[in-house]
Every structure is written in structure tokens, then in C-alpha cells.
Amino acid sequence: TNSGGTSNADFPSADPGMYQLDITLRRGQHLAARDRGGTSDPYVKFKLGGKEVFRSKTIHKNLNPVWEEKACILIEHPREPLYIKVFDYDFGLQDDFIGSAFLDLTSLELNRQTDVTLSLKDPHYPDHDLGSILLSVLLAPREEQRENSVLRSRSWRTCKVTVSSRRAAACLPSVPWSSAFQPSSASWPPKLEIGFLHHNGCLFQSQSLRLSDLHRKSQLWRGIVSVTLIEGRELKAMDANGLSDPYVKFRLGHQKYKSKIVPKTLNPQWREQFDFHLYEERGGIIDITVWDKDAGKRDDFIGRCQVDLSTLSKEQTHKLELPLEEGEGLLVLLVTLTASAAVSISDLSANSLEDQREREEILKRYSPLRIFHNLKDVGFLQVKVIRAEALMAADVTGKDSDPFCVVELNNDRLLTHTVYKNLNPEWNKIFTFNIKDIHSVLEVTVYDEDRDRSADFLGKVAIPLLSIQNGEQKAYVLKNKQLTGPTKGVIYLEIDVIFNAVKASIRTLMPKEQKYIEEEHRLSKQLLLRNFIRMKRCVMVLINAAYYVNSCFDWDSPPRSLAAFLLFLFVVWNFELYMIPLVFLLLLAWNYFLIVSGKDNRQHDTVVEDMLEDEEEEDDRDDKDSEKKGFMNKLYAIQEVCVSVQNVLDEVASFGERIKNTFNWTVPFLSWLAIVALSVFTIILYFIPLRYIVLVWGINKFTKKLRSPYAIDNNELLDFLSRVPSDVQVVQYHELKQDPSHSPSKRKKNNPG
């Protein structure tokens, strides 16, 4: 590290968050090539205290990239070094590690901008020259630059406030007015009054937001907005064929929905319903946009409209015909606002179930006699969040955490207060929810509040409602984000569930509630491999069952084959339709008997569990893998799965195409043969009962091996279809017409000599 300032090894002791580090990421020089074309797509990560605090944009195909990006980071003490890591971006794959460096902040002079050149190194190959990174760094006490506490980019892009519980709006062009931030009272949760700051040609707007909003965890919701998307009329044509493939996006706050795509129409019929939670007493505005789906390129914008919920009366369904702005046509919607008191928070002193009168009211509400009263209200859930013990230390000091707890049931989210500087917090809060689906899963997540960054994950538990034992205080071991393994700490909960079994059964046959906060899917070779193995295991169950049945036909075990033959004759001769559900009923009863009697000796399935742990390890060691594996290694890692999927897709597509080509007279001989076979089967089925036909077929299959021990087993239908060419084979077998200019007679006329 080459820094131009004098050393400040002895910094004055101060409160946490005293210093502000302004960094300008200038450029990179002679970076190592990680792609096969001899280039890289570099980007830079800054880490402080093991946490990522900044990530630059990606510069494509350049070993001497120029970023000119600025970042402002609030730090507790300069003794913590800044870790700089440079990666090569690989689309769809794990990024390659280029190099890393440390910046010793104690070597910087306060209040003086310093140009720094950092040489990149790889711990595994310390002698390799991996290039360098050029930075401009300014370290100053926080009080002197309070207004600059914004993590920002150089271009007009969205910026984030790094101060606790605040967000910044998009950077805007210069305007002729400005004012300072006005902090509100120190009551929880900390807020920042709406204000504007004009600085360096960039306008920053702060918003008064709770910490829960920062993590997209909402507090109490006051109602449900049910939106039914009926149809669209006379939409604008966006495709060359004069039609469109329209779909609709809805947005209310951070809640988002997307409708299905209706292909090739200007008058689509959707008939879809979406439920939003309403968090403001006065309502809100639903933004609606209509788009045309285009494969392989950006979707076309058709039009937009809005629904102002404050103008609609509650407990009433409104039919709205909304003309599209900036486009053509209209949308037809049904909108219903329903008030709700479905969730609540209270202290342990206000326990509904301990009050005998309230408990009787709740039991009466969900009694079997009230089956048809509000079918959507299935039950009542009460969660006591008591305390946690031995939590992970997530603060920069490595000694404490500031934990708070988030309780989620589907789209209902409540959170506790924060207990500061404590690894054994006590919350003593009661949360109540209305249950809409007894098969829902209660999720309890513990976070560490971080003043200058987003909250850190400490642990999580997921508890299916049907597995809850009422009134039992239980210690749950916290799990990791993927819920596949333990992390540090336990949380003590006491949960009670009261529900109407008949309502719950009816609700089971209805669609599940869709969660509007979902993690974005990403491409992962471990996830791809896991899903492939899961599918393969399901298919192998069917294949093994087919092998077992075939072994009975082959008389591999004469006693078993004889028993199967006699059972076949008895069932076919006496078959009735009621026997189909009876078979599944007997299977369920047999497995239940094994479980109750303790004779269920099935081994715990650890294959998927091990793969989940491998996937988690892959997420945790992205840096190590990036350092060790290159592009080709990662490509080979998923090649086997891709080849298998490719072959399966080919077999399925070929099977369907062969059936189609049989009826398309692609091979007339085979089509005539199919006509003869189908005519014979039609006559046989007309004159002979199906029971006798199945008996003859079964007797033939069971005795075939006895009559011809060396006969090769086959399936006549599959053998027939194997002779029908697929579409690919039709193209391959198609005879090309000869070019007249290359015919022998033509050449003879042109060359008489």
C-alpha cells in the first residue's frame, strides 16, 4: 500500500461511528485475465469487519478499467482495515477471483485526501502479479461531514443512506434550494424527517422510515385489498402480427404481483385474483402497468393506470373500468376493501388465552357448530416470544449484538423491539394472528440491528402450525438462512393454535396464499444438481416398481410370481371401481400401523439434506471457490447434469413427435398399419368385455417366460413407435432437390468439347 499521508496510529478514543471514510474508486491497472479471450469483466468489493459495504459496477472486457465511483462509509474505529477484493464477473456462473488487498486506515492522515495504489495479491499464489487498484481516500471525523453520510455512485443512480434506518432517493440534477437534515426525537424507532440536501450537484432526499421498512418487514396491516383482474379491452397492438401477448403488473408499496401472459390477443381474459395488505388508514394507490411479452428481448410497454383506494368505500366490491394512460384500451377490475384486525402485538400481561372469558370466545368462534361462518377465518394463533440465549455476536467489536425478532405467518409480519448490547435478550411479547391456512408455516427470525448497514441475520426457525403443541414453552435451536443446519443460539417460544378442523379441511382444497416477498432465484450448480437428483430419485421409484412387476412376469422368484398371478386373476375377475381408492386407503393404513407399532424401520433420508448443506457451503465459500476454480472447471462441474437433462428432453420430445407423425401420415406404411391395428382393437373391444381382455393379456404376460424361457421381453406399442421418425429424423431423411445448374446434361451442353 502506497499512501501519501502521515501515520495516525494513535487515534483519539471516541464514540462508535465517529469516523467517515470517503473513497473514490479510480481505476485498475494491468489486471489479471480470467476469461478465455484474454480479458476480464472486473468489479470491486469493499469489506469492513467481514461485511460487504460497497460493490462497484462491472466493467466488461477490460484489464485497465476506469470506475470513478464514490462511496461513503461510516466506521467505528480506523483500526479495522479495509479489505478490497476484485472479481471477474461470469454470467450464470460463479465469479472468478482476481486479487485482493488491505488498506490500513491508521496510515491515513485525518482530513486530507490521499491517493493510494494497492497491489493485488492472491494468498495461494503470492508471487503472481495480478495488477493494481487506484483509490482516493479521505478519512474525517463524522461530525465534520454529517451531511455526507450517503453511500452514492458517480452517475445518476439510486443512492442509499448508510445512517441507521434511512434511505436516500435517486440522485437528481442540480436544483436551486437546499436544507439540512432535521433529526427527530430519540424515541424508538429512530427516524429522519423528510428533507433535502443539495451537495455536489446531487440531490439527496431522506425519508422517515422504520427499521422494519428497511428490511421490508411491515408492522400491523389494517385491511385487505382484493383485486380481481377480469379482462382487457382493445389493447394496443405491439407485435408485427397486429396482436400482443399482454400481462399486467400490480404494485402497492413493496407488494408486487404479476398476472399470467395471455398470448396473441388484444382482448385478454385473465380472471385472476390478488390480495394486498393495506398498512395505511387512509388507503393508498395501486400502480398498474400493462406489458407485451417479447421472447428474447425487452418487453414492450402498453399502458398504465392507477387505483386510488382512498376514494373507495370499504366492505363493498367496486367494478372499475380503467382507461390506460400512455396507451390504448382499458382494464376491467373488481376491487374490494376489507377491514381487518387479524394481527396484534401485546406484552405478556395482556394474554388473551389466559383470560378465561376471551378464551371461551375464541373457542366458540372456531367451534364445529360455526362451520359456514367466514370460511377464510380458519383459526387463531398466539405466539409468545419470550427470550433468546447464546446468540451470535454480530457487532464490529465481536462481543455483542443488538437483537430484534421478526415473526411471520404468510404475508403477516410483526417484530419486537431491539434489546441493545445483549446476547441473551428478553422480549416477552405476545403476537396474535388469524389463521387462513392451517398448513402455513410460522417463521421466527432473529436479526442484529446495525446502525450503519442493513440488519445482520442471526438465526431462524420454521414451525408448521400442525406440529405445534399448545401451551408448551419450548427452546428452538436457531438455523441458518437455508434452514438446513444449526447456527449459534436458541429462542424460547410458547405457541397456541386453535382452529376449526372442518374449515381447515375445506381450505386445504383451495389455492394457497401467495407470498409477495420472495427471494430472487439465482443460478446455482448445486441447486441444479440437487433438483436433478430429486427428479431422478422420483423417476427411479417408478422404474424400480416396473422392474419388480417385470420380475414377476419373468418368474425370478416362483413363489412370488405365483402369488402375483393368483392375485391378478382374483382382482381382475372381481374388479369394481371402488377398489381403486381402496388400494390407496390400505396403503395409508399399513404405513400408519407401522409408525404406531414402532416397526417403521425406514432410514432417515439424508441425501437431500447433505446436498442442502453442500449448497449452503457453496454460498459461504464463494470467495474460496472463486480463487480455486476457473471457467472451464465450473463448466465441467455442471456438464453431466446438463447432458442428462438434454437427453431426457430429447427422449420426451421424440416420443411426442412420433405419436404426432403417426397420425400425420409421415410414413404411410406405419399409418396404414396403425389403421389395421386400431380397427382390430375396436372390434375386439366391441364384442368382448374388457375384463376378459385384461385376463388374456395378464395370462399371456405371466406364462410367456414359462412357454419361451429365452424369449426377449418387449413392449409392442413402444416397438411400433420406435419405427416412426421424429421431426429431427424427418429433416435428416428429407431428400434435397438437385440444383439444375449442376446436372450432367446441363454441363454437357455448356461444354460441347
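Strands are DSSP runs of E with at least two residues, numbered from the N terminus. In this predicted model, strand β2 spans residues 42-48 and contains K45. K45 has a relative accessibility of 8% and therefore counts as buried, the cut-off for that class being under 20% relative accessible area. The C-alpha atom of K45 is 8.1 Å from that of F87, although 42 residues separate the two along the chain.

Between Y447 and V406 the C-alpha to C-alpha distance is 7.8 Å, with a sequence separation of 41 residues.

Helix α3 covers residues 501-508, and its buried residues are K503, A504 and R507. These three lie on the same side of α3 because the arc they cover around the axis is only 100 degrees. In general, an α-helix has 3.6 residues a turn, so residues three or four places apart point the same way. The cover over the buried residues of α3 includes α2 (356-365) and β29 (486-499). At the N-terminal end, α3 is capped by N500, which places a side-chain oxygen 3.0 Å from the backbone nitrogen of V502.

Backbone torsions were examined next. Most residues other than glycine have a negative phi. A390, which is not a glycine, has a positive phi of about 55 degrees. A390 belongs to the loop that runs between β22 (379-389) and β23 (403-409). With 42% relative accessible area, A390 is partly exposed, since that class lies between the 20% and 50% limits. N428 likewise is a residue other than glycine with a positive phi, near 55 degrees. N428 is part of a strand, β25, which comprises residues 426-435. The relative accessibility of N428 is 28%, so this residue too counts as partly exposed.

Rolling a probe the size of a water molecule over the atoms shows where empty space is left. Over the whole structure, the search returns two cavities of 30 Å³ or more. The largest cavity holds about 110 Å³ of space. Its lining consists of N550, F553, D554, K701, K704, K705, S708, A711, I712 and D713. Two helices, α4 (525-553) and α11 (690-707), each contribute at least two residues to this lining. The largest share comes from α11, which supplies three residues. By class, the lining of the largest cavity has five charged, three nonpolar and two polar residues.

The second largest cavity has a volume of about 30 Å³. L409, N410, D412, N434, I435, K436, S440 and E513 form the lining of this second cavity. Three of its lining residues are charged, three are polar and two are nonpolar. Among the lining residues, I435 and N434 lie within the range of β25 (426-435), the strand in which N428 is found.

How values were computed:
Residues numbered from 1 in each chain as written. Predicted model: local features only at pLDDT ≥ 70, side-chain atom pairs only at ≥ 80, totals over all residues. Heavy atoms only, no water. 1 Å grid on protein atoms, 1.4 Å probe; cavity = no way out; pocket = protein on both sides within 12 Å on 5 of 7 lines; lining within 4 Å. Points joined across faces, edges and corners; volume = space filled by probe spheres on them. Helix = DSSP H or I, 4+ residues; strand = E, 2+ residues; numbered from the N terminus. Nonpolar A, V, L, I, M, F, W, Y, C, P; charged D, E, K, R; others polar. Buried < 20%, exposed > 50% of the residue type's maximum accessible area, 1.4 Å probe, protein only. Arc of directions from axis to C-beta. Contact = heavy atoms within 4.5 Å. Polar contact = N/O pair within 3.5 Å; in protein donor to acceptor, adjacent residues only side chain to side chain.
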